[in-house]
Amino acid sequence: MNLNNVNGVVTYDKRGITINGKKEVMFVASIHYPRSDASQWKSLLQRSKEAGVQTIDTYVFWGHHEEREGTLDFETGFFKRSRLIDVRDSNEHCLIFILGNKNLPLFLKLAKDAGLHVVLRIGPYVCAEYTFGGFPPWLYLKKGLEIRTYNSLFMKYMENWVKNIVNVIKPYTINNGGPVIMLQMENEYGAYAQWWNFPRGHFYIHWAADLARRMDVGIPWFMCEQGDINSLINTYNGHYAESRIESHFKRFPNQPAMFTELWMSWFTLWGEAIPKRSAEDVAYASARFIAYGGSYVCYYMFHGGTNFARNPGGPWLTTSYDYDASLDEYGFRHPTKFYHFKNLHEVILKYNNLIVNNEPLEIHKYGSISDSSRSELYFLSNTSPSANITVSLSFLSKPINYVLPAWSVSIALRRMESVSGAENEVFEVLYNTATVTLPETIQGVKSINSTGCSSIPSQSNCTSQPTSIRYILEELPSETQIQNSNFSVRPLNQLPLTIGKTDYTWYISDSFELPTQQVNGGSVKVDISPLPSDYYTIYLSLKTKSGETKDFMVTQLDYPKKQEWDVGGLLGSWSIKNWFSSGSWDVKSDGVKVDEVKEYRVKILCVSMGIPHWGNRLERVWKGLASNTVLRVGGKLIGGWHHVVGLQGEEKKYFTGAAESLWKPIASPISELSKKLVWYQITLGVPSPQNATKFTNDTLLSTVLDLGTMGKGFVWIGGTDNLFEVGKYWLIKANWPEKDCVAKHEFIGGTYDSSKREGCGSPTQRFYHIPYDVVLKSKDERGNVTITLFEEIGGDPTGVKLVLLAG
C-alpha cells in the first residue's frame, strides 16, 4: 500500500532530521493510541497539529496486540462491539477500518491525513507505566526465559515480535508513502544493563541493535538512554536534558541531539496527591534544549489518556494517565500548556533555518547578520530560580540593558533591514518562557464540578443519575471449590495463576480447630510479609458441626505489614477470652454458639494492584501472599494454603447481566452491604447536549463516571455484545505531607519538584473516563446504559453519576 504515491526519504546529521530534503527542528507529541478510544484519535491528532507539532510519537505495546500467544490483533480493541469507519486514500478510494484501539494502521492513516509524521517505539520493552512494561502476559510463563538479557529463548520471542510489527508497519513508512519516519528499538536500557545485567546486557543490546539493522526498513532507528551503540541514534529522557548535549556531540558527532521524552509532569499512584508541572518550566526545558544545539523535543505526554481495563503498570498506578499534559485525559486543551507551547513552536519554526543551518555559539546564538540571512537568533537564559537579572546586550550596535525574568529563556531576534537605502538594526524579544500569553478566547477548557453541569455551555441535561440499581453478593469460595483448588504448603505466586485472566485470587488456609486452652485465651495470628503491590481483605471462616459456613471480615490491608489479630477483633474491643467464655456471640443477628463451631479457616482475597512496568528481572515478579507467609494459632503453625483463582461473578459473567434470577433491586444504601463483596448493576440515562448549536465543528464530547460515593473495585459499561472494561476505581484519599500540598500549582523557578502536589485530602481519582462514542454505542433500546461495579470495601451506588463534558 502506498498512501499517497510519493516515496519519502529520511536522513540525519548533527543539526537534525531531514525529511524529503527539508531539515526542521522537530516538535513531537507523545500520544499512546491504546490509552484512548479510536473514536478520539482524529480529534487528538488535529489538536496536536494545531499546537504546532509536526510529529506524533507512540509506543507499540506488544501485550496489547498479542494477548494470546500467536494471535496478533491490529484491528479490534477493548470495546467488544464492532464499529467501522471509512477513510479515503489519495485516489479517493474508500478504505474500511475497524474502529478499535488496537487498530494501529488506522491510527497511522489518520496521522497521515492530519499532515503529521509518526515515530513508532516498538519496544518490545516500553516501560510507559504499562502493565508488565508492555510485554504480553503469556511471556511470563515461559520456563527458562530471562527478560531483556542475552537469553536465547527471550531473544527468539523478541525477534519474532519485531518481525511481526515491522511487517504491519512497513506499508506505512515514509519510503512507502506513509507517515512513519523513525523507529525505536528497546527503551532506556543503558541503566538497566549497567546496574543489573552486565556483561550479558552488553551483548544483548548490541544484538538488539543488529536486529534493527537486519529489518531493513529504510528509515532511521534510535535507542534512548543507551550511549554505546553507534549504528542507531542515541537519545535522552528526563525533565531537562540540555546538560547532556555537549557529551552527546563528543561521542556521536554525526547524530542529532534528540530529547525523546520531556516529561510534562509525572504519573500518579493511588493515595497520592496529583503531580503538576507548570507550562513555564516545561517551556524552559524545551527552549534550553534547542539553545544548546538540540533539534528534537518530544513532550511526554502530550496526551496521556486512560489506563483502561487491567493495563496500569505500577503497582498502585491510577486508572487516569493524565500526566498534566497539553491535552488532558479527555482530550481537552490544557488552559496554559497548550497555548504556551503553541506560541513557542511558532517562534522556533519561523526561524527554523537559522537554527538547523548553524552551530549554536557559546552565547546560544544562531546565524549571523553578516551572512545572507542578515539575522541572528538569541536564546537568553536566566538560571536563577528566583531573581530577575539585568543583561547588557553588548552585541548590539547601541547596547541596551534587558531584564530577564527568573528561570526563563527569552528568544530574541537581531536583524538588519534596509530603510530608504540605510541599514537599520532591529532587535525584538519574540518569546519568554516565563511569560504566558493566552488568546482572548480559550477553546474547550471545561471543569468538572459537583454536578458537572458547568462543563456544557447553557446546558441543563449534562448529568444522569441511576434510574435503577440491583445487586448480587459475591460468594466466598465454597468448600467444594477449596478442595478442588491448587494446594501448596506455602502460598503460590499469584501472577502465573491469574495472568491475563483476573486480578483476584483467594488464599485459603487449611482448616484448624481452637483447642480448649485457645478458646480460653489464645488467638489466631496471621503474619503477612510486606508486599506493597497488592490489596488484601482477610476473613475468618467458621464451619459449624451442621456443615454451615459463616464468613466474617476481619480487616483490609493496603501496603500491608506483619499483621497479628485475634478472633475477638471481629467484635471490636472484645478479646478472644471474653468472647468465647460467654459461650455465644452475635454478628448482624446471625448467632453462632462456640460449641457449634467445628473448624476455622482464614480466607484472604488478594487483589493485584498492577504488574510492575520497570525493574530487575521482570520474569521473577511475585504477586499475592509472599511464600513465607504463615498462619499461627497460638504459636502453633497451621500448614497449607489453597488457591482459588478469580471471583464467582467473573466466572458467571455478572458484568454482562448474566444470572438474571440472582439480582436483587435496591432503592437506597443498605448498611449491611458495607462489609460485603458486592456486584452492583446501575442503569443510567445518557446525558446529551441540549444546546449543540453553541458547539464548533472542533468540539469534543466526552463522558466520565463520578464515583465519589463508592469505595474500591472494578467497573464495566455495557453487556454481552457491547462490553467495555473501564478499569479499576478507588476513592482512597490523597495522603501527602502538608508542607508539600498546594491549592493550585503555580510557576516557581528552579528544578522541577515532583513533591509539590494538588488535591491533598481529596480522593486521588474521583472521575473515570468513558469515551463518549463507547457510551453511545452501549445504549439499549430505551436509550440507557448499564454500569456494573464490583465493590470490594463498601460504597453507595445511589450517588453514581454519568457526566457529559465538552471542550
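A polar contact is a pair of N or O atoms within 3.5 Å; within protein, one must be able to donate a hydrogen and the other to accept it, and residues adjacent in sequence count only if both atoms are side-chain atoms. Keep that handy for the tour.

What you have open is a predicted model, where local features need pLDDT of at least 70, side-chain atom pairs count only at pLDDT 80 or more, and totals for chains, interfaces and linings use all residues. Residues are numbered from 1 along each chain as its sequence is written, and side-chain values use heavy atoms, with hydrogens and water left out.

**Stop one: Q681**

Select Q681, and you land in strand β35, residues 678-685 (strands are DSSP runs of E, at least two residues, and helices are runs of H or I, at least four, numbered from the N terminus). Is Q681 buried or exposed? Its relative accessible area is 7%, so it is buried (buried means under 20%, exposed over 50%, partly exposed in between, with a 1.4 Å probe and protein chains only).

Y654 and Q681 are 27 residues apart in sequence, and their C-alpha atoms are 8.7 Å apart.

**Stop two: D73**

Jump to D73, in the loop between α2 (62-65) and β6 (84-88). D73 counts as buried because its relative accessibility is 18%. Show E75 too: the D73 side chain reaches its backbone nitrogen at 2.9 Å.
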